[in-house]
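Have a look at the model, then work along step by step.

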Amino acid sequence: MRKYNVRRFYKAFRLIVELINKMQDKEKADEVFEMCIKYLLNVRDDIEIEELERTAKEESVERGELIMSIAEKLREEGIEKGIEKGIEKGKIEGKKEVAINVLSRRFGNELTEELKEKIRHADDETINYIGDNLLEITIEELKEILN
């Protein structure tokens, strides 16, 4: 199932690159692209910068090169994926809070404090699954996953 999600991700990423390349304002396109890459590297733990570069280069050599430039900036800022365990822990904690915020909006009072606490204490695999399915998961599925 994980392989399917990753393949689906790269297919969607290719489409994003294609759409950004169609933007009239090149400067704005670069800005949007950079924001997307930084966001993806911060929230997805199953993607590799080299694979992003390869996929982007299939649509645009310039976008592929921009990814490596962004990666270098991230290295310099010390937030590249996997540099420190603290970053990984922070990313997972951030994913948990994002999941709680999105699910709170979707389910309102049905997302009880007890469920929120279970999300905060869930393992990485569970949080990644919830994050990948934030918009499709039902409250019943969520309860089942967290028990």
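**Exercise 1.** Find how F9 and F13 are placed along helix α1.

*Solution.* Helix α1 covers residues 2-21, and F9 and F13 lie 4 residues apart in it, so about one helical turn separates them. Helices here are DSSP runs of H or I with at least four residues, numbered from the N terminus. The model is predicted, so local features need pLDDT of at least 70 and side-chain atom pairs 80 or more, while totals for chains, interfaces and linings use all residues. Residues are numbered from 1 along each chain as its sequence is written, and side-chain values use heavy atoms, without hydrogens and water.

**Exercise 2.** Classify the ring pairs that F9 makes with Y10 and with F13.

*Solution.* Step one: rings of Phe, Tyr and Trp (its six-membered ring) pair if their centres lie within 6.5 Å; planes under 30 degrees apart are stacked, over 60 edge-to-face, the rest tilted. Step two: the whole structure holds 3 aromatic pairs. In one of them, F9 and Y10, the centres are 5.0 Å apart and the planes at 75°, so this pair is edge-to-face. For F9 and F13, 6.2 Å between centres and 15° between planes make the pair stacked.

**Exercise 3.** Which residues form one aromatic cluster?

*Solution.* F9, Y10, F13 and F33 do.

Note on methods:
Helices (H or I, at least four residues) and strands (E, at least two) are DSSP runs, numbered from the N terminus.
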